[in-house]
Amino acid sequence: MLRVENLTVKFPSRFGDFTAVQDLSMTIKPGEIHGLVGESGAGKSTVGAAIIGLLQSPGYISDGTMMLGDTDLRGLDQQEAHRLRGKRISMIFQDPQTSLNPLMRIEDQLVETILAHEDISAAAAKSRAIDLLEEMGIKDAASRMQSYPHQFSGGMRQRVVIALALCTNPELIIADEPTTALDVAVQSQVLDLIRRLAEVRKVGFMLITHDIGVIARIADTVTVMRHGKGIESGPTAQVLGNPVHTYTKQLMAAVPPLDRKIDRFMVPEKDDIVTPSMNSGAQAEAWLLSGTKSDPIGLSLSDIDVTFPGVRTSIFRKPDPFVALSEISFDVRPGSVMGIVGESGSGKSTLAKTLTGLVKPANGTMTLGSADLPGGKTRARKHPSRQLMQMVFQDPFSSLNSRHKIGDILAEPLWLYGLVKDQKERQELCADMLGLVGMPPEAINKFPHQFSGGQRQRIAVARALLARPKILICDEPTSALDVSIQAQLLNLLKDLQKAFGLTVIFISHNLSVVRQMSDDVVVLRNGRIQEKGPSEQVYEDPKADYTKRLLELTPTMPSQWMS
Amino acid sequence: ESFNWASKTDPQTMDPHAVNSTPVLSFLNNIYEGLVRRAPDMSIEPSLATSWEPLEGENGWRFNLREGVTFQDGAAFTSEDVMFSYERASSEAADTRSWFSPVTDVRIVDDYTIEFLTNSPNPLFPSSIANFMILDSDWAKSNDAVLPAKDSENFATLNVNGTGPFTVASRDPGVKTVLVPHAEWWDTPTHNITEATFTPIGNSATGLAALLSGDIDFIEPIPLQDVEQVESRDGFRVIEGEETRVIMFGFGHEHDTLLYSNDVTDTNPFTDPRVRLAAAHAIDIASIDRVLFRGKIEAASQLVPANISGYSEANQDRPAYDPERAKELLAEAGYPDGFSFGLKCTNDRYINDEALCRAAASMFAAVGLDAQLSTGPVRDYWEQLRADDFDMYLLGWSPGTFDIEHPVRFLLHTQDDEAKLGSWNFGNYSNARVDELLPLILKELDPAARQDMIDELVKITQDEVAYIPLYTQPLIWAVKDNIDVTQRADNFFMLRWVTVN
Amino acid sequence: MVFFLTKRLIQSVFVMLAVAFLAFSLFRYVGDPVSQMTGVETSVEDRERLREDLGLNDPFVYQFVRFTGDLLKGDFGYSYRTRQPVAEMIASRIPATLELGLVALMISLLVGIPAGVYTALRPRGFATQTILMLTLVGVSIPTFVIGIMLIFFFGVQLGWLPTFGRGGTVSVGGWETSFLTIDGWRSLILPALTLGVYQLTLTMRLVRAEMMDVMQSDYIRFATARGVPMGRMYFRHALSNTMVPVITIIGLQFGGVIAFSIVTESVFQWPGMGLLFLESIRFVDIPVMGVYLVVIAFFFVLVNLIVDLLYVLIDPRLRISDVS
Amino acid sequence: MLDFIKRHEGLWLFTHSPSVMIAAIVALAILIGAVFAPWIAPVDPYDLSSFSLMDGLLPPVWEEFGTSKFPLGTDDQGRDMISSILYGARLSLIIGVCAMAIASILGVGLGLAAGYIGGRFDAVVMRIADIQLALPAILTALLIDGIARGILPPELRQDMRVVVLTLAIALSLWVNFARTARASTFVQMNKEYVQAAMMQGQHPLRIMFVHILPNILGPLLVIMTVDLASAILLEATLSFLGIGLPADSPSLGTLIRIGMQFLLSGEWWILWIPTLFLIALVVSINVLGDFLRDVFNPRLR
Ligand SMILES: Nc1ncnc2c1ncn2[C@@H]1O[C@H](COP(=O)(O)OP(=O)(O)OP(=O)(O)O)[C@@H](O)[C@H]1O
Ligand SMILES: Nc1ncnc2c1ncn2[C@@H]1O[C@H](COP(=O)(O)OP(=O)(O)OP(=O)(O)O)[C@@H](O)[C@H]1O
Ligand SMILES: [Mg+2]
Ligand SMILES: [Mg+2]
């Protein structure tokens, strides 16, 4: 049905043409789910956009053929292409929060789409829309349809988006990361829905994702992309279970398994990232070790509650506070890694902020080592914990001040805590520390935007280490990174933790990652602890229902595919 | 015929006794009338009084009133109304009070005769009350307007009831006022207006545009530089005349030091008549006339123009433009390099006032007098002058009584609050002989003897350079060709002299 | 939602009070009313007496309390210049200014929004570049120059339109409107254009920027991907989403409209509040100036309350009451 | 060089848009003319003895009666137009730049602090901004003028007019800066680098000015240019309404105000030359502002 041959897409720029997709070929048959995997920037989205004719300017298709049935997609003019969109090809985007027009009712958006392509009455379109929503699993569709998008939850919104893509019975749906923004539970439902639609309606899907687990779970066939080129293509089991190409093999090796703990990740050889070389950071290492005056320290929380003021809706009534964390108690053993897992909104970041003093707990006490740790603003700016506890943030793009040089960013803790007084010494130490985290020392004269996400995350780690911390809090440090880079960073963190005896609190929503990293684990949900314990015990023999369900629904690869 | 005219400001009130200012009095002269009125040549002619004569054996005047005059609401006019209007106009609430400062008493003789007693012989009294407007006593009483409104409005602020040729049909203050003829007017109308609409237009460019586009028939004043433009267009005419207003510079005669000087701070050079004369010699009236006023002004030698009674023919020379002489005089006075001082001017009061002062400053600079010019709106100008906050200042004076005694009384006599003399003599020019002459001039009935005294007085003030009289301000009216109007030197615009052809 | 509005209402009252205080306290320093109220020949004692009668010699605080008290009682005092009640004077000028502002705003919206949409959709077209350049010149010419040029071109040279004033007005229930006569409309064109040009440019540029932003958003891409007709997409999807920032700015620009209406009214002798205000400045008519400030602040606050209401109308996310 | 330009987005865009380059050249030329006016202007309009009424109303050199002594003619006072304009641009720019500088320092300071501190402080600052917004610039100018009158000794008043006018314009412009700075600060507050700095226990002032400020400069720069243009226009408007500068201080506004008197009288150059000059200045500043906007918001291109 869809046949793409030798597709080449270029983005002209003042530096010359940039080839985003090169010589890509693939076919998708009716009812087939074709997965497109590859790391960020591989060109996956560009392929999807090229097929549906929505390439961002100044991109253009320089070569290749794209046939949908008998229609030559490249031969269409603007209007024909627009008429075809929605009618024969539809698209689903990543974020259901932003894919729907917030100012229009669901009904209007559905009906307008149906009427745009079909010559039927508005009433007929409406009843079609109701049927469709019900098919998507939305109960009471007729009345729910009157709502605005903000009145739906994320999962339901993605169902509506799928309904919108489906409402004119297209032959092909391009789904660009349709579940990335969703919880595992919701993700699983949406994936089931896609599977069912492919089977029942015989719609062809092109499923773009970087999550190999998702591909493994529902794709019939798969294409692996890298640098705009198709590396390997074929039935899923064959490509992923028995990869031929080295890149595919490396990619598979970098995926953290859920069902066991491995010691180190196999790291794919990538040309653009320097592998961490522990020998170049000798001076920094020595400096860090010399600062270890005492043994690792632990951290404990007891009965921590955190509330946020609710939204005020009346002058007369005080709003109910929003409880973000409730009755949180756990101990982090000195020198161990405590993993914290939970879905989005479960309070993981709030917990990190409470520890670092950005948020004040309503109740409960925290102790650092043996000393009391005051919360929120009551913690003085000069409190020793400010230095002892450092954090690595989730988003490498915003955690470094883009207007400051790397050198200045790194030197800040040294200067702030008075660790190194001499300016030149500071710069030298910073440069060496970059070596320790596997970065070239010249980086200190560059600005953050000159680095990739993985490199910035290393810089963030270096910044944290330069404060000579005892405790390192990592709030989803890899969630913005590709699997291969994630693997490198996780290896780095493991090495550093061992080398310097750090106590680490590792936060992630990714169960597999947490399993690889942590000694103990806490499972959070809606601000409450569902389960805590040594991590192998929790993963092998979960006690709480919630943990069980999470483990079940997380898409994984059959273990025999992993070497 | 309907007629539309415009001027810069709207009369603030319709009450003839509330505000003593040209826009108000000029406008209300179309509606209210006094015992006497002025003819186009400014001479006094009978109005509500048919004749008047000095009282015998007493100081004062008897007025014989016109019979058969009716107010615009139909009420008859009698001496009662004059009496009432006198009381009203001389009350504390009235702004016209000072007109009656010589009056000691008023007596009703009969319905059509009334006598005004004055504290001394007062030959000028009848002409000094040409703007004393009479309103109907019953109307005022029944409408609660017995006194002029001072800090609030009353019925007379917006409504009128005069004996004059026109009455107000509608009024929207600041926007427009419509007048219609008073059918029962005692005099024979010479105009052919059926409805006259007045609009204040503050921006002169807009006003000119309104005239040129035909939206209005008459506007006053128009900027001098636009006279040519208006005249060159078909269908428009400019009527030029000389106002009675003389523009002059005044000095801080009694100041001990200069306020705004960068160099001379311990003394006031302007107390030296030579310095004042030097300043007078520095002014090039001819260039000012040519460039700033496009040849439309008349140089002035004294505080009144030639057409005003009492004008001193004997002293009609003014100091010539002579920068060299000016420098000599300054050197003689001990300022060979000149000095700096502050010059205060308005920028919205007189025609081209700001440009004049800037030009004068540049002329002063040429002889070494470095004028620190400060111009501002008239809104707080008088206050500054009253507070003696100047070294030299600009002033324009129009003699309210059309006699030279008026500026002498206000500008030349030593300041005397009791006697209400010299009240606008901001620099307090003071000369004993001048002070002595003023009462004599006021009393003297023999014209020749009076003129002699005036000549003496003018000579003194010229010799001492009490002020530097510059020129008589021009009157520039612009009308459509098909309109006949009569221009009067006091810049009053009389609808009864308008004909639309 | 009710709370949101109540909160804004309370804030508005606060703004009003502050403005009243400013209006009063600062205008106390501008010039001297007594010298304006009296003529040339008034004596010093008379001036002093008047000063006393007006309460200008009372202590500052006392004068302010009296001022606000009077305001609250609806007694806005009397003009020093015309001796009329200020409330009446201002009230009689409000229609002129509001109608002028309204038409100017309409011009700015009716031309500015489509122009903004057009230039956003064809960012590289020749017409777009021309419009952008022209509007740039438009905002760079002082309003008063534009006004005078329009008068001389359309009023004097071509003689098509009146040069000043409001022309024929009809009173509808005490509201003097120009909207009901041809003459009134003819008189409105030039001043409204003068006042509107600047606002038009701002509106256009704002709509353009927002539109270009929105056109990049996911829901527009999604709407394109499912083939929603172009016209519907531009106007129903994109434009409505630009409206929230646009009306915010329009609400804020109200201050600008009022400020520049002072200039426009003075150029066109438009009998509105701005002209009255300028006149009262010239005559140091403190009561009128003070009340003008308060009235302007009131309109500003009102317009912004309306803007708040419009948010709620436009954006369902703000209708908190029906969120489950 | 070429490589350097290519790498710097802004520069590259700059060299590829002729209108922006022209605007920059015009603005720069005016700026140089204004800064060096005392050295390049033939006549000093502040030195009253350097010109004479007798030279008044001379037309530009290409018109009949024009003389090469006054290439662009003279005004009604005999002042050389070129000199008046150069000095006028100087004064207008001084006022504009100072007003903009005061407004930006005040506005950015308050906006940044409001965004950073939030809560009650933020509410108070924003309410003050509301009050300011409710008072049009002209009113603000009058208020400031009034205060100055009340507190300054008379001999200073004249000299202080420029200061008063600058303050008035600055006060009516600061809200823009405050609002933008506040909104941008809010955005930055959610960025993790700010949280990192807070967590490290850095001083709030350092976080505000060293960390956040450089990151919000982009939109502020745009406002600065746009506001510079409006400050210059505002000065002209206030001068037109007679509440700006006195006529003997030649700013572009007062020159135009004086020129208005000659709109119809045939001496067109007195009005039009300064007007065209003002328009050229403001247009080029606005073009540059637009350009900056594009550079800082690439999505809008
Ligand atoms: N509008 C554009 N202009 C210039 N280059 C672009 C544009 N869009 C994409 N590219 C480039 O094309 C390449 C492929 O991008 P694409 O978005 O297809 O990657 P992707 O595989 O979808 O990555 P991700 O997983 O991050 O979404 C990238 O290097 C990107 O920089
Ligand atoms: N400042 C705040 N004010 C009000 N509510 C807040 C605030 N910060 C967080 N919350 C709420 O607290 C809950 C927990 O948020 P938190 O950011 O800790 O979640 P998370 O587990 O880190 O989620 P994610 O995986 O998306 O980062 C969420 O419902 C969030 O909306
Ligand atoms: Mg993508
Ligand atoms: Mg989080």
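1. For A:Gly347, a polar backbone atom is 3.0 Å from an oxygen atom of the ligand. A:Ser349 takes part through its side chain, with a polar atom 2.6 Å from a ligand oxygen. Of the 630 Å² of accessible area that ligand 2 has on its own, the protein covers 60% (Shrake-Rupley method, 1.4 Å probe; for residues, only the protein chains shown count as cover).

2. Before going on, a word on conventions. This is a predicted model, where local features need pLDDT of at least 70 and side-chain atom pairs count only at pLDDT 80 or more, while totals for chains, interfaces and linings use all residues. Residues are numbered from 1 along each chain as its sequence is written, chains are lettered from A and ligands numbered from 1 in the order in which they are written, and side-chain values use heavy atoms, leaving out hydrogens and water.

3. Now the shell around ligand 2, meaning residues with a heavy atom within 4 Å of it. Among its members are A:Phe308, A:Glu343, A:Lys348 and A:Glu476. Three of the residues are nonpolar, six polar and three charged (Ala, Val, Leu, Ile, Met, Phe, Trp, Tyr, Cys and Pro count as nonpolar; Asp, Glu, Lys and Arg as charged; the others, Gly among them, as polar). β12 (322-332) and α13 (348-356) of chain A each give at least two residues, and α13(A) has the largest share, three. Helices (H or I, at least four residues) and strands (E, at least two) are DSSP runs, numbered from the N terminus.

4. Chain C is built from twelve helices and two strands. Its C-alpha trace spans about 85 × 60 × 35 Å along the principal axes. Of its 324 residues, 59% count as buried (under 20% relative accessible area; exposed is over 50%, partly exposed in between, with a 1.4 Å probe and protein chains only).

5. Finally, do look at helix α3 (18-35) and helix α4 (37-40) of chain D, which each supply at least two residues of a nonpolar patch. Four residues, the largest share, come from α3(D). D:Leu31 lies in that helix and, at 40% relative accessibility, counts as partly exposed.

Conventions. Polar contact = N/O pair within 3.5 Å; in protein donor to acceptor, adjacent residues only side chain to side chain.
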